[in-house]
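Colleague: Please take a close look at the charged pairs and at the side-chain packing around them. Give the cut-offs as you go.

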Amino acid sequence: MTNFAREIRDAAIERLKLLGRYAPRGRPGTPARIRRTPVMPAQADEVPCLMVYLGNQTMTADGDANAGEPSFVNEVQLVIASILNADDADDLDDRMADAGTEVLETLLEDPDWLALSEGVPTVTQQSRFDDSKYLAAIVMTTITVTYRTLWPPRVAGDFLAIRMRTPDGGGADYPVNPEA
């Protein structure tokens with residue numbers, strides 16, 4: 001992943017920390033529990049929490065791929081998984097819908113977060129359940145974010161100085177004046 005994709009993820013995490021539904025039980029006002037990996041919490045007492053991580057990244061040539069320095073239009077998937085306790089089924093459907101909506105409102109209604117990228121072409125949400133260690137409801141929100149990158153080549157000699165060889169075998173470095 002590019003460093004810029006990680007900046008987008010980290011900026012999302014800063015905003016999502018404020019969501020109270022993911023704070024540790026009995027500790028209101030503490031930041032939300034957020035994991036940066038797609039690994040489920042090992043114990044039920046670590047839920048509710050958010051998993052915020054980067055999914056696939058696609059870099060497509062921006063213009064002619066054979067002309068000039070490489071430049072790309074990047075699409076990266078930011079995945080936010082809302083992990084909820086599913087022990088009580090009475091209001092589970094409402095809690096899952098609210099969790100998915102809250103994530104979207106937090107990020108898509110924040111102009112500063114949106115300004116980090118060129119756009120958000122797609123958003124997908126899906127729900128699933130995990131009962132491998134405990135019963136958890138998971139709302140997966142995937143936000144595709146686009147931005148552009150430019151990759152100037154690393155040139156060993158940047159032509160800001162030249163070495164001149166003289167017939168007598170000597171030589172000297174002469175600075176090049178870029179304004180001339």
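Modeller: R148 is partly exposed, at 44% relative accessibility; that class lies between buried (under 20% relative accessible area) and exposed (over 50%), with a 1.4 Å probe and protein chains only. The model is predicted, so local features need pLDDT of at least 70 and side-chain atom pairs count only at pLDDT 80 or more, while totals for chains, interfaces and linings use all residues. Residues are numbered from 1 along each chain as its sequence is written, and side-chain values use heavy atoms, with hydrogens and water left out.

The partner of R148 is D62: they form a salt bridge whose closest N and O atoms are 2.9 Å apart, the term meaning a side-chain nitrogen of Lys or Arg within 4 Å of a carboxyl oxygen of Asp or Glu. This pair links distant parts of the chain, since R148 sits in strand β5 (residues 136-150) and D62 in the loop between β2 and β3 (71-85), 86 residues apart. Helices (H or I, at least four residues) and strands (E, at least two) are DSSP runs, numbered from the N terminus. D62 is partly exposed, with a relative accessible area of 32%.

D10 belongs to helix α1 (residues 3-16) and R36 to the loop between β1 (34-35) and β2 (49-61), so their bridge ties together parts that are 26 residues apart in sequence. R36 is partly exposed at 44%, as is D10 at 28%. The structure holds 9 salt bridges, among them K17 with E14, at 3.2 Å between the closest N and O atoms. K17 is partly exposed at 32%, and E14 is partly exposed at 46%.

The ring centres of F4 and Y147 are 4.8 Å apart with the planes at 65°, so the pair is edge-to-face; centres must lie within 6.5 Å, and planes under 30 degrees apart count as stacked, over 60 as edge-to-face and the rest as tilted. F4 is in helix α1 and Y147 in strand β5, so the pair ties together parts 143 residues apart in sequence. Y147 is buried at 2%, whereas F4 is partly exposed at 27%.

Next, the nonpolar packing. A nonpolar core is a set of buried Ala, Val, Leu, Ile, Met, Phe, Trp, Tyr and Cys residues joined through side-chain atoms within 4.5 Å. The largest one has 28 residues, and L16, L78, I80, L107 and W113 have the most contacts inside it. At least two of its residues come from each of α1, β2, β3, α2 (92-108) and β5; α1 gives the largest share, 6 residues. Beyond four places in sequence, the contacts of I80 (heavy atoms within 4.5 Å) include L16, L107 and I143. A second, separate core of 12 residues includes M40, V79, I83 and A136.

D130, in strand β4 (residues 119-130), touches M40 and A136, as well as L135 and I138, when residues up to four places away are not counted. The C-alpha atoms of D130 and I83 are 9.5 Å apart. D130 is buried, with a relative accessible area of 15%.

Notes. Rings of Phe, Tyr and Trp (its six-membered ring) pair if their centres lie within 6.5 Å; planes under 30 degrees apart count as stacked, over 60 as edge-to-face and the rest as tilted.
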